[in-house]
Amino acid sequence: MNNKKTITIGIPAHNESKNIAKLLDGIIGQNKDLYRLEKLIIACDGCTDNTAEIAKGYAKKYDFVEIIDDGRRLGQAGRLNEFYKINKSDIFITFDADVILGNGYVIDEIVKKFNEPNVGLVGGCDTPAAPRNFLERAAVAWVNAWDEARHNFNYGDTVHNHHGCVSAISGGITNKAEIPVNIIANDQFLYHLTKKLGYNFRFAKNAVVYYKVPDNFKDYLTQSVRFITIKDRIFEYFGNEVEKEYRIPSKIKYKALIKTFFKKPIYLIAGVFLQIIIRAAKYKVKEEYKNGVWKTAESSKYNQFYGTIKH
């Protein structure tokens with residue numbers, strides 16, 4: 001019992017009343033074989049729905065659950081910085097409020113990676129939930145090909161395997177980490193900062209969390225353009241030399257595309273076509289960010305009618 005690592009979990013949540021209970025139930029129901037949960041903090045980031053009320057119900061039931069409900073809209077970076085100042089645990093983990101944990105040992109799989117030498121940052125395995133319409137199937141097929149490439153490159157040690165929806169940072173780094181509010185790519189910033197501080201990154205492939213892809217073209221376009229353009233600001237902070245961290249050999253990408261094509265030929269072709277459109281339109285789609293806050297793609301959120309996570 002005494003050799004278990006202590007963890008604090010922080011969840012930034014903006015209007016996530018449709019999913020927050022599922023996420024909290026998933027966290028509380030974890031196996032906890034390798035860790036002791038000290039705090040579970042939900043930061044209601046300018047919520048206008050009943051996210052806070054749902055979270056407060058858990059706080060009444062569990063003494064380790066804490067709520068931040070100050071009425072402010074700080075964005076993800078602002079809330080993460082707030083969490084880092086609070087953290088006193090060996091490991092700090094963050095989950096996006098719109099994901100669902102894939103199994104009962106997600107957190108154990110993350111904690112296990114910190115037993116390796118000098119690990120400062122661990123990324124989990126974010127996986128798309130089962131698609132329902134044609135656009136979602138095309139989007140998921142593209143993601144499947146991309147995941148095949150990034151998961152198997154350099155033993156998982158790549159910036160592409162650290163996504164903010166499931167991320168864990170060593171307590172020794174939280175007191176050194178402060179994310180600039182104009183950085184939308186919080187996950188990429190933490191990856192480069194961890195390496196700069198001399199720590200290692202590990203990818204926990206078995207720490208699966210499910211997310212939903214957008215179900216309409218407008219949301220898909222907006223979200224995709226954001227994903228492929230946000231790294232530009234990263235170079236301003238760490239220099240162009242970190243650009244090499246984004247490279248994955250073409251051989252690995254082609255192999256992943258071929259493997260996915262044999263499984264989902266029609267949808268992958270459609271997914272590639274979508275990516276061509278996105279890259280052609282990326283300079284025409286302008287999205288303004290204010291203090292680290294961006295417009296939410298509502299159709300990428302779980303709701304009570306979207307219960308399936310199987311492919």
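Tutor: The radius of gyration used here is taken over C-alpha atoms, and the rule for a globule is 2.2 Å times the number of residues to the power 0.38. The model is a predicted one, and with 311 residues a compact globule would have a radius of gyration near 19 Å, so the 19 Å of this protein agrees with the rule. Along the principal axes, the C-alpha atoms fill a box of roughly 50 × 40 × 35 Å, and the chain forms 11 helices and 8 strands. Buried residues account for 53% of the 311 residues, and of the contacts between residues at least 6 apart in sequence, 84% join residues at least 24 apart.

Now to the charges. The protein carries 46 positive and 35 negative charges, whose mean positions lie 4 Å apart, and the structure holds 18 salt bridges.

One of them joins the side chains of Glu-66 and Lys-39, with a distance of 3.8 Å from N to O. This pair links distant parts of the chain, since Glu-66 belongs to strand β3 (residues 65-68) and Lys-39 to strand β2 (residues 35-44), 27 residues apart. Glu-66 has a relative accessible area of 32% and therefore counts as partly exposed, and Lys-39, with 27%, is partly exposed as well.

Lys-112 is partly exposed because its relative accessible area is 40%, whereas Glu-109 counts as buried because its relative accessibility is 13%, and the cut-off for buried is under 20%.

In a further salt bridge, the closest N and O atoms of Lys-212 and Glu-136 are 3.6 Å apart. Here too distant parts of the chain are linked, for Lys-212 sits in the loop between β8 (200-211) and α8 (217-229), while Glu-136 sits in helix α5 (residues 134-151), 76 residues apart. Lys-212 and Glu-136 are both buried.

Notes. Residues numbered from 1 in each chain as written. Predicted model: local features only at pLDDT ≥ 70, side-chain atom pairs only at ≥ 80, totals over all residues. Heavy atoms only, no water. Helix = DSSP H or I, 4+ residues; strand = E, 2+ residues; numbered from the N terminus. Buried < 20%, exposed > 50% of the residue type's maximum accessible area, 1.4 Å probe, protein only. Contact = heavy atoms within 4.5 Å. Lys, Arg positive; Asp, Glu negative; His and termini not counted. Charge placed at Lys NZ, Arg CZ, Asp CG, Glu CD. Salt bridge = Lys/Arg side-chain N within 4 Å of Asp/Glu carboxyl O.
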